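Subject: Handover of a structure and the findings

Dear colleague,

Please find below the structure that I am handing over to you. A written account of the findings follows it.

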Amino acid sequence: MDFRIAEEDRLLRDSARSFVEEQANAVWQQIERTGEIPQHLIDGMKELGLFGLSIPPEYGGLGFSVVQKALVHEMMGRGPWGLASFLSVHTGIGCVGIVRFANETQKRNYLPKMATGEWIGSFALTEPGAGSDAGALATKAERKGDQYILNGRKVFITNAPKAHHFFLFARTDKGISAFIVDADSPGLAIGQVFDTLGHVGGALSEVVLEDCRIPTTALVGEEGKGFDYAKRCLAEGRTTLASRCVGAAQKAMELALEYASKRKTFGQPLADHQAISFRLAQMSVRTEASRLVVYRSAWMLDQGHAAIRESSTAKFMAAESAWQTVDDALQLFGGNGYIRAEYMIERIWRDLRVARVYDGSSEVQQIVIAHQLRKGDIESPWL
């Protein structure tokens with residue numbers, strides 16, 4: 001068993017880390033003040049080719065494996081999560097469905113401009129009454145001649161105000177179906193842009209569909225297959241989100257270690273107190289264990305496994321472990337950690353909290369894991 005990564009993958013990871021540390025983290029307070037992602041960061045991601053992570057080379061992308069994408073997203077997790085989610089939704093759930101399930105005409109139309117970042121993608125599944133229970137989706141798509149007419153409302157949609165199009169789910173006569181819906185389609189409007197606790201700059205918003213007319217050619221794959229497509233997109237998305245949690249936990253631990261080495265109490269550095277040193281050790285243990293589980297899930301997806309239980313395990317473990325680590329780190333900072341937008345640890349704390357909620361809450365991940373266990377999926381087939 002060889003845990004080393006290829007040299008080109010190491011260079012990829014290091015390039016992403018340098019971008020985050022030298023450019024993104026240098027302006028995190030500006031993002032907090034303005035609520036906007038600076039254009040030079042978007043341009044920097046374009047220069048690195050990051051918008052094309054999931055897109056095959058024949059459409060102008062990099063065609064990275066899930067492991068390679070996890071390496072990038074772990075590094076993005078070290079920086080502002082509004083920026084990280086902007087990229088991850090575009091390259092992940094906003095893109096993977098088109099790569100895997102769209103027809104050739106749709107791929108040729110959308111993927112080349114997505115690969116350059118000229119067109120930004122989004123993913124529209126969640127509704128006011130259908131979050132974790134995606135099967136309760138109520139948005140309707142009624143076919144009339146050569147068009148579908150969509151009616152409904154989506155919520156918490158990342159990138160919505162900036163998106164060129166949405167990989168969107170609606171219910172047809174045959175069940176939940178997937179569509180590529182352009183943002184300028186008649187009858188589509190961006191509703192409320194939510195003022196969220198973290199993810200500043202990520203622009204989580206409502207998408208309102210009122211007699212929204214789209215051509216029948218906007219249907220992806222077959223009618224009634226949309227829920228299957230969504231689950232495949234989410235399995236990969238949960239794994240890359242889990243890698244982002246690992247990155248945030250690693251960054252929080254490093255900040256805590258640095259602070260504890262400099263801050264003195266009772267005549268000695270905080271880190272010299274046994275209670276604090278044990279807490280730092282626990283941060284390291286949680287982060288290392290989560291990293292291994294995450295990359296196992298990524299590897300399994302690359303080998304063609306559905307990795308349903310493994311991706312949910314990665315998401316649940318990484319999110320819960322990272323939250324404990326970041327909360328412990330903030331505790332170590334004392335009152336300084338409670339000052340808004342002053343110390344980075346406070347921003348990480350706000351950013352990370354939603355990791356236990358979106359892309360399937362921690363409770364839903366446990367439901368999925370338990371369901372797989374009862375189906376006989378009790379041990380990963382990778383050994």
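Ala281 lies in helix α9; helices (H or I, at least four residues) and strands (E, at least two) are DSSP runs, numbered from the N terminus. Ala281 is partly exposed, at a relative accessible area of 40%; buried means under 20% relative accessible area, exposed over 50%, and partly exposed in between (1.4 Å probe, protein chains only). Between the C-alpha atoms of Ala281 and Thr116, which stand 165 residues apart along the chain, the separation is 42 Å.

Please note that this is a predicted model, in which local features need pLDDT of at least 70 and side-chain atom pairs count only at pLDDT 80 or more, while totals for chains, interfaces and linings use all residues. Residues are numbered from 1 along each chain as its sequence is written, and side-chain values use heavy atoms, with hydrogens and water left out.

Salt bridges

Side chains of opposite charge can pair when their charged atoms come close. The structure contains 22 salt bridges, a salt bridge being a side-chain nitrogen of Lys or Arg within 4 Å of a carboxyl oxygen of Asp or Glu.

One of them joins Glu21 to Lys251, with the closest N and O atoms 3.1 Å apart. Glu21 lies in helix α1 and Lys251 in helix α8 (residues 226-262), so the pair ties together parts that are 230 residues apart in sequence. Glu21 is partly exposed at 24% relative accessibility, whereas Lys251 is buried at 10%. Both residues also belong to a network of salt bridges that links Arg17, Glu21, Arg78, Lys251 and Glu254.

Lys231 is partly exposed at 46% relative accessible area, and Asp228 is partly exposed at 43%. Lys262 pairs with Glu258, with 3.3 Å between the closest N and O atoms. Lys262 is exposed at 63% relative accessibility, while Glu258 is partly exposed at 43%.

Pocket and surface patch

The second largest pocket has a volume of about 770 Å³. Its lining has 26 residues, and the closest to the pocket centre are Phe3, Ile5, Arg291, Leu292 and Tyr295. The terms are defined on a 1 Å grid over the protein atoms alone: a cavity is a set of points where a 1.4 Å probe fits but cannot get out, a pocket is an open set with protein on both sides within 12 Å along at least five of seven lines, and lining residues have an atom within 4 Å of a point. Grid points are joined across faces, edges and corners, and a volume is the space filled by probe spheres set on the points.

Helices α1 (7-24), α4 (66-76) and α9 (274-302) each give at least two residues to this lining, and α9 gives the most, with seven. By type, the lining has ten nonpolar, three polar and 13 charged residues. Here Ala, Val, Leu, Ile, Met, Phe, Trp, Tyr, Cys and Pro count as nonpolar, Asp, Glu, Lys and Arg as charged, and the others, Gly among them, as polar.

Phe3 lies in the segment before α1 and is exposed, at 62% relative accessible area. Met1, Phe3 and Leu292 make a nonpolar surface patch of about 420 Å². Patches are made of residues with over 30% relative accessible area and no salt bridge, with like charges joined within 9 Å and nonpolar side chains (Val, Leu, Ile, Met, Phe, Trp, Tyr) within 5 Å. Accessible areas come from the Shrake-Rupley method with a 1.4 Å probe; for residues, only the protein chains shown count as cover.

Positive phi values

Most residues other than glycine have a negative phi. Asn159, in the loop between β3 (147-157) and β4 (165-172), has a positive phi of about 75°. Asn159 is buried, at 0% relative accessibility. Asp359, in the loop between α11 (344-352) and α12 (362-374), also has a positive phi, near 55°.

Yours sincerely
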